[in-house]
Amino acid sequence: MSMTSEPALEALKRLVGTWTTEAIHPSTPGIVVPGNASFEWLAGERFLIHRSHHDHPAFPDAVSIIGFTERDRVDAAPPSQSAAADKPRMTMHYFDSRGVFRVYDVSIDDVSWRIQRNAPGFSQRFTGTFAEDGDTLIGLWQLSQDDTHWDDDLRVTYRRRR
């Protein structure tokens, strides 16, 4: 039986499994970089572990933890009674083989998986759209270095392994 209680955590179930990936990045024009990704629940199904690897030295390996992080314990009081406290915040803590660490806001529904980070001079966002069969996710990372304009960055296609 599932331990997840938040509807958004339930929605993360559609990511669980192993995927092959194909990535295209402006730094490697004309090259499609194969790779793989996996999503698995940490025991208790409160956090989803995402691991990714690409078969190219310019692309870092990464691990991310996705879940609700507004409280340091399940039984802790919400951090404040602000409007933001009315809607729990799902985050993704990202770590990669270059030593990079970032925190993103995450949302997921039947149509798409969205990731965003607002950081002056280096904001990022990702939108991945699920195919009808649920076994393909086509995504695009974008980058804003001037806090106004968004440029396409990494394109990645996920295909579920059966």
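## Exercise 1: The largest pocket

The residues lining the largest pocket divide into 16 nonpolar, 8 polar and 3 charged. Here Ala, Val, Leu, Ile, Met, Phe, Trp, Tyr, Cys and Pro count as nonpolar, Asp, Glu, Lys and Arg as charged, and the others, Gly among them, as polar. Before we go on, note that this is a predicted model, in which local features need pLDDT of at least 70 and side-chain atom pairs count only at pLDDT 80 or more, while totals for chains, interfaces and linings use all residues. Residues are numbered from 1 along each chain as its sequence is written, and side-chain values use heavy atoms, with hydrogens and water left out.

Task: find which residues lie nearest the centre of the largest pocket, and which strand gives the most to its lining.

Solution. 
- Step 1: recall the term. On a 1 Å grid over the protein atoms alone, a pocket is an open set of points where a 1.4 Å probe fits, with protein on both sides within 12 Å along at least five of seven lines; lining residues have an atom within 4 Å of a point.
- Step 2: take the volume, about 600 Å³, which is the space filled by probe spheres set on the points, with grid points joined across faces, edges and corners.
- Step 3: look at the centre. Of the 27 lining residues, P60, Y94, R98, W141 and L154 lie nearest to it.
- Step 4: turn to the strands (DSSP runs of E, at least two residues, numbered from the N terminus). Strand 10 gives the most, with 4 residues.

## Exercise 2: The neighbours of strand 10

Task: work out how strand 1 and strand 9 each pair with strand 10.

Solution. 
- Step 1: two strands pair if DSSP finds at least two bridges between them.
- Step 2: strand 1 (residues 17–24) runs antiparallel to strand 10, joined by 6 bridges.
- Step 3: strand 9 and strand 10 are also antiparallel, over 7 bridges. They form a hairpin with 6 residues between them, and D147 in the turn has a positive phi of about 65 degrees.

## Exercise 3: A salt bridge between strands

Solution. 
- Step 1: a salt bridge is a side-chain nitrogen of Lys or Arg within 4 Å of a carboxyl oxygen of Asp or Glu. By this rule the count is 9.
- Step 2: E22 and R159 meet at 3.3 Å, N to O. E22 lies in strand 1 and R159 in strand 10, so the pair ties together parts that are 137 residues apart in sequence.
- Step 3: check accessibility (buried is under 20% relative accessible area, exposed over 50%, partly exposed in between, with a 1.4 Å probe and protein chains only). E22 is partly exposed at 38%, and R159 is partly exposed at 38%.

## Exercise 4: An aromatic pair

Task: decide whether the rings of W19 and Y158 are stacked or edge-to-face.

Solution. 
- Step 1: rings of Phe, Tyr and Trp (its six-membered ring) pair if their centres lie within 6.5 Å; planes under 30 degrees apart count as stacked, over 60 as edge-to-face and the rest as tilted. The structure holds 8 such pairs.
- Step 2: the centres of W19 and Y158 are 6.1 Å apart and the planes stand at 90 degrees, so this pair is edge-to-face.
- Step 3: the pair links W19 in strand 1 with Y158 in strand 10, 139 residues apart.
- Step 4: W19 is buried at 0% relative accessibility, and Y158 is buried at 8%.
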